[in-house]
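Student: I would like to learn how to read the contacts between side chains in a protein model. Could we work through one together, step by step?

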Amino acid sequence: MESSLGNLLFVTLGCAKNEVDTDRMRSLLAAGGYREVDSVEDADAVLINTCSFLASATSESIECTLDVADEVAGGVRGARIIMCGCLPSRYGDELAGELPEVAAFVRTDEEDAIVSVVDGVLGVSRPEPAFIPGVKRTVEGAVAYLKISDGCNRFCSFCAIPYIRGRYRSRSAEAIVAEARELLAGGVRELVLIGQDTGIWGKDLPKDTEGPSTLAQLLRAVAAEARPYGAWVRVLYLQPEGMTDELIATIRDVDEVLPYIDIPVQHCNPRILRAMNRTGSAEEFEELFSRLREEIPGMVIRSTALVGFPSETDEEFEELLGFMDRVGFDYTSVFAYSQEEGTAAARLDDQINEETKVERAQAATDLAEALGFAATAAHVGERARVIVDGVEETEDGIELIGHAWFQAPDSDGAVHLDATEAAVGDIVEVEFTDSFCYELVGHVVDEETAK
């Protein structure tokens, strides 16, 4: 085994955007001479990339850190703990006094200097600066998240993201396309474009910037890179206002861009939406979703519902349920409102009690699952392309696990297949024979793969 400056364990909490940030740090540290390990016992340092989007996520991040500290204390190797990401960004200097177990805190805007941080914590001295790779990714699987922006300008009254991640910042098209090109060459067969608000990508770039300047143009550029590989391009986290004519036409006309839209509406009542510092109404949203389904054959729609917002009445909650039922989302994530410190909504009167919020969240989840399970079952008897994501050992033997084009990876369920000659990363034609919840069962009818 080749020598290294130290062994590092990575722990990632939260969303896909954190996964990308961890991978970026992993790439920088590998280029800087560090090796990744998979246990605390073998680590010289543990990097915990935290989430602080909700109070529950903050608690989980702290509990995880303390659990790692207990493992370190009980072991024979004195691993140092480095906390990264949202928690240090949100609470800053307060954390040092609260968590003496942590050797260093790294905010999201400091992560590009992670090599220097780890060097300092482990006492590594370099004769010259560490090598910085041009494209900072290490993805080995069939799917890769591709972050096109960071931060958010919306300031929804319930959300702390702008205070954690800062103002919206688009990555350059040149950097995004270069990263896409390298990921595809490395075997990735689905690129998932993500950001806090992907629809406004490019609006903050200089007017004289060459190349793509809108999300639709960026999708076409990434699709051109994906085309020789038969790969897919998916985009998540669009806001309703981001669905421009140009974007709709791109999703409809560019084969590599999947007809799958993730639009978190949160609610449908205009009064509640205004209190959330959002726009729209049930009528406007229904018109948008009807148009998407009319113009884009097979359109799949994922959304998000937030229940129990301060002052939400029983009637307004029932209005939301009726809206969800009429639209019939393929997938819906349901959240109960969380009174987040520092947000405008946390200061509102008429906070809903926890029991009511839990009851409403359960009712909305029951409806979302009924609609989602039915949408999944509707694919039984169809044929579709499936990306093979992995191999799993079950009581009945080995099976392949994959996802179809209408399933966002790690979000919408999976496809279970009998073991064949197909390998991870292959795209195979599958006939679906059964479903359970959000899962599908099928068999491979064509093992011609897209490489």
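**Reading side-chain contacts**

Tutor: Let us begin with a single residue, keeping in mind that this is a predicted model: Arg 154 has a relative accessibility of 23% and therefore counts as partly exposed, since that class lies between 20% and 50%.

Student: Which residue does Arg 154 form a salt bridge with, and how far apart are the closest N and O atoms?

Tutor: The partner is Glu 241, and the closest N and O atoms are 3.2 Å apart. This pair links distant parts of the chain, with Arg 154 in the loop between strand S7 and helix H6, Glu 241 in the loop between strand S10 and helix H9, and 87 residues separating them. Glu 241 is also partly exposed, at a relative accessible area of 44%.

Student: Are Arg 165 and Asp 21 buried or exposed?

Tutor: Both Arg 165 and Asp 21 are buried, and their side chains meet in a salt bridge of 2.9 Å, N to O. Arg 165 belongs to helix H6 and Asp 21 to helix H1, 144 residues apart. These two also belong to a network of salt bridges that links Asp 21, Lys 147, Asp 150, Arg 165 and Arg 169. Counted over the structure, there are 30 salt bridges.

Student: Now for nonpolar residues: what do their side chains tend to do in soluble globular proteins?

Tutor: The general idea is that nonpolar side chains tend to be buried together in soluble globular proteins. Here the largest nonpolar core has 72 residues, and Met 243, Phe 289 and Phe 323 touch the most other members. Helix H8, residues 215–226, gives this core its largest share, 7 residues. A second, separate core has 31 residues, among them Trp 232 and Val 444.

Student: Which residues form one aromatic cluster with Phe 323?

Tutor: Phe 285, Phe 289 and Phe 329 form that cluster together with Phe 323. Leaving aside residues up to four places away in sequence, Phe 323 touches several others, including Val 265, Cys 268 and Glu 286. Glu 286, in turn, forms a salt bridge with Arg 326, with the closest N and O atoms 2.7 Å apart. Arg 326 lies in helix H12 and Glu 286 in helix H11, so this pair ties together parts that are 40 residues apart in sequence.

Student: Where does a charged side chain lie over an aromatic ring?

Tutor: One case is Lys 17, which lies over the face of Tyr 237 at 4.0 Å from the ring centre. In another, the charged end of Arg 26 sits over the ring of Phe 10, 5.0 Å from its centre.

Note on methods: Residues numbered from 1 in each chain as written. Predicted model: local features only at pLDDT ≥ 70, side-chain atom pairs only at ≥ 80, totals over all residues. Heavy atoms only, no water. Core = buried A, V, L, I, M, F, W, Y, C linked by side-chain atoms within 4.5 Å. Buried < 20%, exposed > 50% of the residue type's maximum accessible area, 1.4 Å probe, protein only. Helix = DSSP H or I, 4+ residues; strand = E, 2+ residues; numbered from the N terminus. Contact = heavy atoms within 4.5 Å. Phe/Tyr/Trp six-rings, centres within 6.5 Å; stacked < 30°, edge-to-face > 60°. Lys NZ or Arg CZ within 6 Å of the ring centre and 35° of its normal. Salt bridge = Lys/Arg side-chain N within 4 Å of Asp/Glu carboxyl O.
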